[in-house]
Amino acid sequence: MDIYPLIKRLRREKKVQVFVPYMEGLSFKVVKYRLPLKTKKFGIKEPNNSFANVKIDLAIVPVVGIDGLNKRIDKMKDIRSAACFMIDIDEFYTILDYYGSDIARKLLKVISRELEAIISKQDLLANSSEDHFILLLMNPSKVLIEKTKELLEEQIVKAYIVDDLHIQVKKRIGYALYNEDTNSFTDLINYARLASYHKPDSQYNQVTKYQPIMKENLEKNIIIANRLVDAIKHKKIDIHMQYIMDASTQKAVYVEVLARWNDEVLGFISPDVFFDVARKSNLLEMLELHLIQMSLSSFKTLKEKEGHKE
């Protein structure tokens with residue numbers, strides 16, 4: 001995808017500053033966009049290195065690890081089976097903000113070396129984004145998959161020492177199997193990522209195996225999220241108000257507001273479900289604002305009906 005026309009247009013905007021990624025080892029930092037550009041690793045054109053400590057509004061980040069990984073997979077022959085593990089460093093950007101980019105990059109290198117130590121030469125390791133590693137076991141035995149799983153579970157919660165700093169790291173790890181869960185390596189990586197996001201009900205610090213229901217739940221949540229946006233915009237989520245009474249005085253002490261959503265396509269959706277979907281799809285603020293506005297309007301109408309105009 002060529003984003004140069006977008007950069008060119010943004011640079012003409014007086015109120016917009018443009019920054020671009022500058023690759024440093026496994027990671028990258030933000031530098032100001034300026035000419036000349038030089039073609040660097042992965043064929044990415046970059047300006048010269050510079051220091052920029054800024055807060056950005058929007059980031060478009062090249063996912064270079066996946067492209068390189070796919071090329072390495074394409075060159076491999078006789079792939080009968082594979083196990084893909086997705087290692088997600090939980091709250092990595094909190095670490096980045098607290099300790100700074102230099103310490104965060106060193107931490108990634110330490111974790112990368114740790115992961116490299118548990119795989120063999122035919123296996124693959126890629127850093128798909130700052131806080132995600134992909135580990136691919138090629139033609140592994142069931143025993144090897146279980147052993148790798150156990151080794152990774154030992155690393156889920158661990159303190160790393162970087163420049164004499166003890167940094168506590170929590171990882172979310174999921175995995176999927178080639179030829180069992182899918183015959184596509186693209187889907188294999190996506191399924192492992194999906195499993196890493198899943199919160200197990202039984203044991204918290206465990207590597208999670210992909211299950212088809214995870215994809216079904218994702219597709220269902222995407223549909224609900226799309227319907228939810230429409231419901232909020234067109235005020236299709238109803239609220240119902242009821243008095244909460246003091247048993248001793250039999251007087252109302254406050255009013256409770258209940259949100260109810262009966263979608264014309266999906267039917268009745270429980271508040272627990274649509275609030276959870278709103279939280280996961282970044283719609284919670286939009287939903288809460290809508291419900292607050294509806295509640296205040298309904299409460300005003302209620303007070304006026306009772307003759308308590310203010």
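**The whole chain**

This is a predicted model, in which local features need pLDDT of at least 70, side-chain atom pairs count only at pLDDT 80 or more, and totals for chains, interfaces and linings use all residues. Residues are numbered from 1 along each chain as its sequence is written, and side-chain values use heavy atoms, with hydrogens and water left out.

The secondary structure of the protein chain comes to nine helices and 13 strands. Here helices (H or I, at least four residues) and strands (E, at least two) are DSSP runs, numbered from the N terminus. Of the chain's 310 residues, 36% count as buried. Buried means under 20% relative accessible area, exposed means over 50%, and partly exposed lies in between (1.4 Å probe, protein chains only). The protein chain exposes about 19,900 Å², and carbon and sulfur atoms supply 52% of that area. Accessible areas come from the Shrake-Rupley method with a 1.4 Å probe; for residues, only the protein chains shown count as cover.

How does the chain meet itself? Among contacts between residues at least 6 apart in sequence, 57% join residues at least 24 apart. Contact means heavy atoms within 4.5 Å.

**Helices that meet**

Now to the helix pairs. Axes are lines fitted to C-alpha atoms, for helices over the stretch in contact, and angles run from 0 to 180 degrees between N-to-C directions. Angles under 35 degrees count as roughly parallel, over 145 as roughly antiparallel, 65 to 115 as roughly perpendicular and the rest as oblique.

Helix H3 (residues 92-99) and helix H4 pack at an angle of about 135°, with their axes 6 Å apart. That makes H3 oblique to H4. On the H3 side, Phe92, Ile95, Leu96 and Tyr99 meet Ser101, Ile103, Ala104, Leu107 and Leu108 of H4.

Further along, the axes of H7 and H8 come within 10 Å and cross at roughly 90°, and H7 and H8 are therefore roughly perpendicular to each other. Asn221, Ile224, Ala225 and Leu228 in H7 meet Val273, Phe274, Val277 and Ala278 in H8.

Helix H8 (residues 271-280) also meets helix H9 (residues 284-305): their axes come within 7 Å and cross at roughly 130°. That makes H8 oblique to H9. Phe274, Phe275, Ala278 and Arg279 of H8 make this contact with Leu284, Leu287 and Leu291 of H9.

The table sorts the residues of each contact by class. Ala, Val, Leu, Ile, Met, Phe, Trp, Tyr, Cys and Pro count as nonpolar, Asp, Glu, Lys and Arg as charged, and the others, Gly among them, as polar.

| H3 with H4 | eight nonpolar | one polar | no charged |

**Aromatic rings**

How many aromatic pairs does a search of the whole structure find? The search finds seven. Rings of Phe, Tyr and Trp (its six-membered ring) pair if their centres lie within 6.5 Å; planes under 30 degrees apart count as stacked, over 60 as edge-to-face and the rest as tilted.

The rings of Phe92 and Tyr93 have centres 5.5 Å apart and planes at 80°, so this pair is edge-to-face. Phe92 is buried, with a relative accessible area of 1%, whereas Tyr93 is partly exposed, at 43%.

The rings of Tyr191 and Tyr210 have centres 4.3 Å apart and planes at 5°, so this pair is stacked. Tyr191 lies in helix H6 (residues 185-197) and Tyr210 in the loop between strand S10 (208-209) and helix H7 (212-233), so the pair ties together parts that are 19 residues apart in sequence. Both Tyr191 and Tyr210 are buried.

Trp261, Phe274 and Phe275 form one aromatic cluster.

**Three single residues**

Gln155 lies in the loop between helix H5 (142-154) and strand S8 (157-162). Is Gln155 buried or exposed? Gln155 is buried, with a relative accessible area of 9%. Leaving aside residues up to four places away in sequence, Gln155 touches Glu114, Leu115, Ile118, Tyr160 and Lys171.

Arg105 sits in helix H4 (residues 101-116) and is buried, with a relative accessible area of 14%. Arg105 and Glu130 are 25 residues apart in sequence and 8.6 Å apart in space, C-alpha to C-alpha.

Asn226, in helix H7, is exposed, with a relative accessible area of 54%. The C-alpha atoms of Asn226 and Ser281 are separated by 9.6 Å, with the two residues 55 residues apart along the chain.
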